[in-house]
Amino acid sequence: MKITAISIFPEYFTPLDLSLIGKAREQGLIDFKAINLRDFTYDNHHTVDDTPYGGGAGMVMKPEPWGEAIDSALAETDAPVDLIVLTPAGSKFNQRKAETLASAKHIIFACGRYEGIDARVADFYRTQNQVRVHEISIGDYVLNGGEVAALVIIEAVTRLLPGVIGNPDSLAEESHNELGELEYPSYTKPANWRGLEVPEILLSGNHGAIAKWRREQALSRSQQNSSIEPQD
Ligand code: JFE
């Protein structure tokens, strides 16, 4: 999978050099590149923003550098591209979207700042046949820009790629768990920690009873936990 992130702060993406994602890159499973939007400005001040038409507070990102930067990323593939524009007004990211994106050949992340990117950028690329545009939010809170949201999506998507995580069993187990059912509580040694005991059933060796108990725990957790409901 090819991943390109376009940003005025490409240094935000240096953590991808570490850990699991770093190993997957070394193995050639993920080809990641961060590109600096200011490399696609041609004025002395490398201007990327301007005042909003219609007035109002803040600044809006100019469309021309975005067009040049996205075109340069598109020029590196024949494969269909998924262009993800991060915005607090987008469609909510979830595990189902992560699974869909895990089959993408090339994902381009447009990470804006200020009050976001001129709306014509998403509109233009929606008219391009080799490009699917997704305007995505990672949750109902406002970040200062799209970079952290892109990192979240990159981690959620790349961990689904075959060979990216060491333990293929843990991924298979999660895939028929996911949306409605939250996970059951997990315990390891010691059996008593600060007076708190591990549930006796887990020490019983009765695998049928353990599976039943875990299903019950997952269900009661998913009923209590507001995180899977529309809002709190
Ligand atoms: C950008 C900003 C005020 C945008 C109307 C680019 N889930 C999520 N929260 N926040 C974002 C995503 C996000 C994504 C990209 C972004 C926030 N901002 C800041 C501030 C209004 C905005 O859009 C700029």
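Student: How accessible is K92, as a percentage?
Tutor: A quick note first: this is a predicted model, its residues are numbered from 1 along each chain as the sequence is written, and side-chain values use heavy atoms, without hydrogens and water. Local features need pLDDT of at least 70, side-chain atom pairs count only at pLDDT 80 or more, and totals for chains, interfaces and linings use all residues. Buried means under 20% relative accessible area, exposed over 50%, and partly exposed in between (1.4 Å probe, protein chains only). K92 counts as partly exposed, because its relative accessibility is 36%.

Student: Which residue is the salt-bridge partner of K92?
Tutor: A salt bridge here is a side-chain nitrogen of Lys or Arg within 4 Å of a carboxyl oxygen of Asp or Glu. The N to O distance for K92 is 3.4 Å, and the partner is D140.

Student: Is K2 buried or exposed?
Tutor: K2 forms a salt bridge with E76, with the closest N and O atoms 3.4 Å apart. That pair also joins distant parts of the chain, from strand β1 to the loop between α2 (63-74) and β5, 74 residues apart. E76 is partly exposed at 42%. K2 has a relative accessibility of 18%, so K2 counts as buried.

Student: Which residues are linked with K2 in a network of salt bridges?
Tutor: The pair K2 and E76 has the closest N and O atoms 3.4 Å apart. The network holds K2 along with D31, K33 and E76.

Student: What is the volume of the second largest pocket?
Tutor: On a 1 Å grid over the protein atoms alone, a pocket is an open set of points where a 1.4 Å probe fits, with protein on both sides within 12 Å along at least five of seven lines; lining residues have an atom within 4 Å of a point. Grid points are joined across faces, edges and corners, and the volume is the space filled by probe spheres set on the points. For the second largest pocket, this gives about 520 Å³.

Student: Which residues lie closest to the centre of that pocket?
Tutor: The second largest pocket is lined by 29 residues, and β5 gives the most, with five. The closest to its centre are L86, T87, P88, E115 and G116.

Student: Which residues make the nonpolar surface patch of about 490 Å²?
Tutor: Patch residues have over 30% relative accessible area and no salt bridge, with nonpolar side chains (Val, Leu, Ile, Met, Phe, Trp, Tyr) joined within 5 Å and like charges within 9 Å. Accessible areas come from the Shrake-Rupley method with a 1.4 Å probe, and for residues only the protein chains shown count as cover. F9 is partly exposed at 32%. The patch is made by F9, Y12, Y141, L143, V148 and V152.

Student: What is the omega of the cis peptide bond from K189 to P190?
Tutor: Most peptide bonds are trans. P190 is in the loop between α6 (168-175) and β8 (192-193). The bond from K189 to P190 is cis, with omega near 5°.

How values were computed
Helix = DSSP H or I, 4+ residues; strand = E, 2+ residues; numbered from the N terminus.
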